[in-house]
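Q: I have a new structure to learn. Please take me through it step by step.

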Amino acid sequence: MFNALYSISFICLSLALGYAFYAVLGGLPPSLYGMIIFTLLLHFRLCQAEKVKASIDWGIRHMGVCFVPAGVGIMNQYPLIKQHGLALVSIIFITTFLVLTFVGVLYQRLEDR
Amino acid sequence: MMTILSALLLCTLTVATYQVSALLQRRYKKFWLNPMLITIIAVIAILSITHVDYHAYKQSTQWLSALLEPAVVILGYPLFQQLSAIRKQWKRIVILLSWAAAFVISISYLITLYLIEIPAIAVSLSLKSITTPIAIAITEQLAGNSAITAFAIILAGFFGAIWGVKWLNFINVTSPTAQGLAIGTASHALGTATISQLSYQHAAYGSLAIIISATITAVIAPYMIPMLDILM
């Protein structure tokens with residue numbers, strides 16, 4: 001219980017600092033600044049990794065559900081899908097796999113060297 | 001009263017469907033039993049049958065969407081775990097992902113212009129691999145179509161989340177670091193959230209790729225797209 005509160009506090013702190021950075025610098029969204037800040041807090045041992053591990057594992061296992069409302073938003077795009085649907089979906093499909101292949105193959109080669 | 005009740009109902013429905021499909025996936029280990037995908041399909045079906053519009057659903061589940069931000073923050077943990085390994089690879093990762101960003105922007109833009117012939121849609125599709133807030137900002141800057149950008153981002157996320165690892169294994173890219181980097185680059189946080197359950201390495205390299213590709217795309221896209229226009 002204590003560890004969960006400890007984790008939540010540090011996650012909220014990182015996110016709050018992320019918002020502060022975003023307000024000053026702009027650029028990346030607040031949550032990505034928050035991710036970088038959380039990494040640094042852990043790295044400099046300001047936040048103890050052992051105490052947050054269990055909560056983080058739980059969070060990673062369940063975070064997918066947070067993407068559901070945005071995904072359901074696709075249902076609002078019926079007219080769009082009707083008009084260009086097949087071409088849109090095929091382009092997204094093909095280019096996504098091209099990028100996966102590009103990065104995956106090249107990075108694995110670099111690693112093997 | 002009615003709204004609170006329906007909000008509670010819609011949230012419970014979403015979370016419960018997700019939990020059940022997660023359980024099914026763990027049990028049967030089928031990659032297409034992706035809990036996110038199944039929940040989205042089920043929710044869309046239920047909303048259509050009961051004539052609830054998306055706006056009402058979105059409002060009822062806004063706290064779930066609000067959790068997206070802390071969810072992205074926790075990816076800092078796997079990143080921290082891999083920090084020393086990443087530090088040695090730092091330069092080559094940035095160089096590779098710069099090429100990847102230029103690659104995805106140009107092929108998506110050119111193929112879309114060729115097939116659909118509407119520049120606004122081409123702008124939107126060329127930004128689909130990065131995180132939503134940045135992609136929408138650049139879309140507006142370059143006179144793209146934000147609704148199409150949002151749609152394309154979700155789809156790109158799904159393709160990577162559901163078939164990414166499967167495809168990479170098939171083409172013999174089996175290293176967790178290469179898989180993480182590839183899926184973070186092509187399918188942003190949605191793909192990374194899905195593969196993060198596989199290993200901390202997947203999670204760390206996926207998260208790293210999200211940050212680097214978003215930054216690089218934000219810097220190069222405003223110059224690249226006018227240049228591609230000249231080429232066409």
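Predicted model: local features only at pLDDT ≥ 70, side-chain atom pairs only at ≥ 80, totals over all residues.

Q: Let's start with A:E50 and A:R45: buried or exposed?
A: A:E50 is exposed, and A:R45 is exposed too. Buried means under 20% relative accessible area, exposed means over 50%, and partly exposed lies in between (1.4 Å probe, protein chains only).

Q: How far apart are A:D57 and A:K53 in their helix?
A: Both sit in helix α3 of chain A, and they are four residues apart, so about one helical turn separates them. Helices here are DSSP runs of H or I, at least four residues long, while strands are runs of E of at least two, both numbered from the N terminus.

Q: And how accessible is A:D57?
A: A:D57 is partly exposed, with a relative accessible area of 24%. A:K53 counts as partly exposed as well, at 36%.

Q: New topic. How much area do chain A and chain B bury between them?
A: About 7200 Å², with 82% of it on carbon and sulfur atoms. Buried area is the accessible area (1.4 Å probe) that two parts lose on being put together, summed over both.

Q: Which residues in chain A lose the most area to chain B?
A: A:M35, A:F67 and A:Y107, which together make up 10% of what that side buries.

Q: How many residues does each chain put into the contact?
A: Chain A gives 67 residues and chain B gives 93. Contact means heavy atoms within 4.5 Å.

Q: How many salt bridges cross the interface?
A: The rule finds zero between chain A and chain B.

Q: Which helices of chain A supply the side that touches chain B?
A: α1 (2-25), α2 (30-43), α3 (49-62), α4 (68-72) and α5 (78-112) of chain A each supply at least two residues. The largest share comes from α5(A), with 26 residues.

Q: Now chain B. What's up with α11?
A: Helix α11 (residues 176-195) has 20 residues, but its end C-alpha atoms are only 10 Å apart. A straight helix would reach 28 Å at 1.5 Å a residue. That expected span is 1.5 Å times one less than the number of residues.

Q: Where is the kink centred?
A: On B:H188, and the kink in α11(B) is about 135°. The bend at a residue is the angle between axes fitted to the seven residues ending there and the seven starting there.

Q: What about the phi of B:H188?
A: Positive, about 40°, although B:H188 is not a glycine. Most residues other than glycine have a negative phi. B:H188 counts as buried, at 6% relative accessibility. In α11(B), 19 of the 20 residues are buried.

Q: And the phi of B:N172?
A: B:N172 has a positive phi near 75° and is not a glycine either. B:N172 lies in the loop between α10 (146-170) and α11 of chain B. B:N172 is exposed, at 56% relative accessible area.

Q: Why is helix α8 of chain B called largely enclosed?
A: Because six of the eight residues of α8 (residues 119-126) are buried. They pack against α5 of chain A, together with α7 (83-115), α9, α10 and α12 (200-231) of chain B.

Q: Last one. What is B:I134 in contact with?
A: Apart from neighbours within four places in sequence, B:I134 is in contact with A:G27, A:L28, A:P29, B:A214 and B:A218. B:I134 sits in helix α9 (residues 132-141) of chain B, and B:I134 is buried, at 6%.

Terms used
Residues numbered from 1 in each chain as written. Chains lettered and ligands numbered in written order. Heavy atoms only, no water. Salt bridge = Lys/Arg side-chain N within 4 Å of Asp/Glu carboxyl O.
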